[in-house]
Amino acid sequence: MEDFLFAFLNWDIVTQAWPILWRGFAYTLALSAMTVPLGLAGGVALALLATSGPWWVRLLAAGWTDFFRAIPPLVLLVFLYAGLPFAGIDVGAWGAVALGFLLNTGSYYGEVLRAGIESVPRGQMEAARSTGLTRGQALAHVVLPQAVRNVLPDLVSNTLEVVKLTSIASVVALPELLFQARQAQNATYNATPIVAAAIAYFLLLWPLVRLVSRLENRAMAGR
Amino acid sequence: MTSTAPIIDARGVWKRFGGLAVLKGVDLSVAERELVFVIGPSGSGKSTFLRCLNRLEEPDDGSIQVDGIELLSPKTDINAARRRIGMVFQSFNLYPHMTARQNVMLALRKVLGQNKDQAATVAARALDRVGLAERMDHYPAQLSGGQQQRVAIARAIALEPRVMLFDEPTSALDPELVGGVLNVMRELRQDGMTMVVVSHEMAFAKAAADRVVFMADGQKLEEGPPAQIFEAPQHERTRAFIRQIDRH
Amino acid sequence: MDGLNNFIFSFFNLKVMAQYLPLVAQGLALTVVLALLIVVCGLALGLLLAVLRSFGIRPLNWLIIFTVDVFRALPPLVIIVLLFFGLPAAGMSVSGFAATWLSLTLVLMAFAEEIFWAGITAVPKGQWEAARSTGLTFLQTLRMVVLPQALRITIPPLTNRTIAITKGTALGSVVGVAEILGAAQSAMSFSANPSPLTLGAIAYLVLFVPVVALGRWIETRFAWKR
Ligand SMILES: Nc1ncnc2c1ncn2[C@@H]1O[C@H](COP(=O)(O)OP(=O)(O)OP(=O)(O)O)[C@@H](O)[C@H]1O
Ligand SMILES: [Mg+2]
């Protein structure tokens, strides 16, 4: 027990590692603040193409989506970070993360939003157009708000996944929470920093998990 | 009423939901082969009482005997007891993932322990009795409401229960489908089934019931032969209720 | 033209690809084994927890809900790293394979429990009552009446979630598992050429595109029909 506490819940180490863990935590928040909007933007674009483009554009969008949903995000990230430089394209760690998340989470958001848009009855678009709104206006003011409402549980759940996914940025040495925890662990030969990081992730994301769970139960009961 | 020992004997049944007393000491005894009709305003506790009679609701107080079994005793095997008490619900509650025949067979196999062939034969006979021999292999979604309710009746009678409980069996049905279900119930009665029926089908009650029980506010207010309750009720509440029902 | 040649030489270098094909194929096999282990164990545990939860034992349910919340909130990579680098500090060591398998199994268990439970609660109360009124026991009712209906509506969300989590097998490369990504990365450093990575990406596509398409098909097939 003593050993266990020493190895996993060592208060001395927590105080020692605190500043660097805290910086990692802030970095994780910043990464999330970048990747979520990026993914959403990509998702909206994909969803619009997949629902209102000509048939070949739709097909392309569906293929694109399936492609990036089939490739594990870490593979994509390693490819962008370690592969591209061989071809003389060096986007750096930040660039790789930004591009990777745009492609990966954009596809997930796109799929969710596409389902949302398809759940809005055709008549909504027609009614809006009949009052003289342009296609874009009708989408922005009539269709998208309803679409978002219909798939809110999936959107929130996806956002939770995106924030969790920022942890893979540690693989390309971006100093986010997991990376800093590993550094601290290497410096102290003690697992406490990783436990502390796990607790930090949990405290950050637990409210979101509760929210998703509530929204999902309601959606399932409505079937 | 007959003089033999009652097959259902409920005494002083109390039921509370949170602070709300829904049944306040209800007594009811039903003789073998008797058809008892239970009427009363919405929320008076009719469904709750009926569900106490097979312990789908757990009464807080009182005693219930069915066919000699002390239903509320902790020693009673409730699942064995329940197969002697058939129940038919307002919303049918057929299993949507099983055909009509499979719906009937499930308890035959798992509760009575019949083998597949036995259960299939018994189920076919029960479905034939409710006039659905031709629809045995249909799923509930492929049947009309009236047909679904008849399958539900077949599911209950296949277990050869000693009594049958009906909770508004026709109120979820379109008017033209009600007759078929009532016909099945009439035949059951002719075959001597003991039945307790919660329903607002007054014409059926007048024609088929031995006794009508009027419930209000969780109590049995009065009971008697249909003629008496419908033509000459004692209580003002009963009179008001009958008048309102008659109007439509 | 030089740019294109350079591109092809880097990413579609057939010579390099041919050389490292066996290595990446071994990685593919390992990924399949790992993924199957995760799917089987994760779904079974998730179903078990959901069934336990339906007994309605308060303290047990709190424990189940908390456990599920923990594994939904933690990033899988954090769990893997915690098990792989953390446990040795306590004198227990696990292989990278075991750490990855255990972590993703727990994550899938958590998500599956949540989905199964939502499915069970979505089955109308009348189904329980009808079955119990014919004398079926609680467990018989759960197994033969409620679960078959619950599973049907859980299939689409469960398929998608299972795919997303099994893709996490790539995280095993971080703790030295020679699954597809791990194998491709070593090949890339041996050959100083990223073509093996392309090969790895193709391996993932071969593995997951059919599954993703299947998921999409299941979604349209099961979603609104009942
Ligand atoms: N599970 C429950 N929890 C809380 N209250 C309940 C529950 N079931 C019934 N009640 C309440 O008990 C009262 C009696 O309900 P019950 O369903 O027995 O009435 P009823 O006579 O069958 O009415 P109706 O004619 O509308 O079917 C109502 O006020 C109802 O709201
Ligand atoms: Mg009722």
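**Notes on the three-chain model**

1. Let's start with Glu161(A): its relative accessibility is 23%, so it counts as partly exposed (buried is under 20% relative accessible area, exposed over 50%, partly exposed in between, with a 1.4 Å probe and protein chains only). Glu161(A) sits in helix 8 of chain A, residues 152-165. Helices here are DSSP runs of H or I with at least four residues, strands are runs of E with at least two, and both are numbered from the N terminus.

2. Before going on, the ground rules. This is a predicted model, where local features need pLDDT of at least 70 and side-chain atom pairs count only at pLDDT 80 or more, while totals for chains, interfaces and linings use all residues. Residues are numbered from 1 along each chain as its sequence is written, chains are lettered from A and ligands numbered from 1 in the order written, and side-chain values use heavy atoms, with hydrogens and water left out.

3. Back to Glu161(A). Setting aside neighbours within four places in sequence, Glu161(A) contacts Phe111(C) and Arg161(C), contact meaning heavy atoms within 4.5 Å.

4. In the model, the chain A span is 83% helix and 0% strand, with its end C-alpha atoms 25 Å apart. For the chain C span, the figures are 81% helix, 0% strand and 21 Å.

5. Helix 4 of chain C (residues 76-86) is largely enclosed by the rest of the structure, because eight of its 11 residues are buried. Among them are Pro76(C), Leu77(C), Val78(C), Ile79(C), Ile80(C) and Val81(C).

6. Chain B has nine helices and 10 strands. Its radius of gyration is 18 Å, which agrees with the value near 18 Å for a compact globule of 248 residues (taken over C-alpha atoms; the rule is 2.2 Å times the number of residues to the power 0.38). The C-alpha trace of chain B spans about 55 × 45 × 40 Å along its principal axes, and 54% of the 248 residues count as buried.

7. On chain B contacts: of those with a separation of 6 or more, 64% join residues 24 or more positions apart.
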